[in-house]
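The structure comes first, then the details.

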Amino acid sequence: SRIIIKTKSDEFEIISPLSSEHTLNSLILSVAAASAIGLSPAEIIKPASQIDNNMLRQKYISVGPFKIYDDSYNSSPDAVITDLRMLKEKEKSFSALIGDMLELGDKSEELHELVGKECAKNKAVKLYAFGEFAKSIEKGALSEGMDKKNIFINTDLSRPEITAFQIKESYENERILIKASHSVNISRVT
């Protein structure tokens with residue numbers, strides 16, 4: 001991504017390997033803070049340009065024939081929705097493997113349902129819901145018109161191989177977003 005930064009006294013450019021809106025917004029806020037405390041453009045540009053996807057766990061990877069956008073380190077409804085929108089814009093087609101988002105309190109079911117709705121609204125080809133709230137995610141996707149045959153659920157967190165098999169059997173060369181709270185350890189599916 002190419003970012004043009006304009007401050008009261010300077011204008012400079014940062015080239016970043018980051019691509020998702022929420023990480024770029026965080027980078028821009030960090031640059032603003034660095035500028036506000038008096039760092040020069042030279043002191044800001046180099047470290048800001050060196051932040052890479054591996055540091056933030058957002059990366060495009062391949063596992064055998066599978067093309068994956070792995071943003072599995074942590075999750076919230078806003079982060080999932082941002083990733084869905086980004087993939088809708090950048091990819092010809094994509095599917096989503098969404099695991100439980102934790103620490104949402106009494107709104108957990110409602111927020112998982114919202115994420116399911118957003119999967120459908122953003123035209124995910126398939127939805128793989130993994131975890132205790134998989135049925136809530138499915139409910140949301142169905143309410144927005146996603147075809148049930150393109151939704152795969154697995155409520156058993158101790159059996160990631162079920163979800164891996166679902167992906168293996170239904171994969172059609174689309175990019176797959178992987179997103180869940182860290183403690184779900186959704187990388188076990190990949």
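Which residue just after H5 takes a positive phi? Lys123 does, at about 65°.

This is a predicted model, in which local features need pLDDT of at least 70, side-chain atom pairs count only at pLDDT 80 or more, and totals for chains, interfaces and linings use all residues. Residues are numbered from 1 along each chain as its sequence is written, and side-chain values use heavy atoms, without hydrogens and water.

**Helix H5**

Helices (H or I, at least four residues) and strands (E, at least two) are DSSP runs, numbered from the N terminus. H5 covers residues 108-121.

Buried means under 20% relative accessible area, exposed over 50%, partly exposed in between (1.4 Å probe, protein chains only). Buried residues of H5 include Leu111, Val115 and Cys119. Among the elements covering the buried residues of H5 are helix H4 (77-90) and strand S5 (94-99).

**Aromatic pairs**

The whole structure holds three aromatic pairs. Rings of Phe, Tyr and Trp (its six-membered ring) pair if their centres lie within 6.5 Å; planes under 30 degrees apart count as stacked, over 60 as edge-to-face and the rest as tilted. Two of the pairs are tabulated.

| Pair | Centres | Planes | Type |
|---|---|---|---|
| Tyr60 and Tyr69 | 4.9 Å apart | at 50° | tilted |
| Tyr128 and Phe152 | 5.1 Å apart | at 15° | stacked |

Tyr128 lies in strand S6 (residues 127-130) and Phe152 in strand S7 (residues 151-154), so their pair ties together parts 24 residues apart in sequence. Both Tyr128 and Phe152 are buried. Tyr69 is buried at 2% relative accessible area, whereas Tyr60 is partly exposed at 33%.

Key. Expected span 1.5 Å × (residues − 1). Contact = heavy atoms within 4.5 Å.
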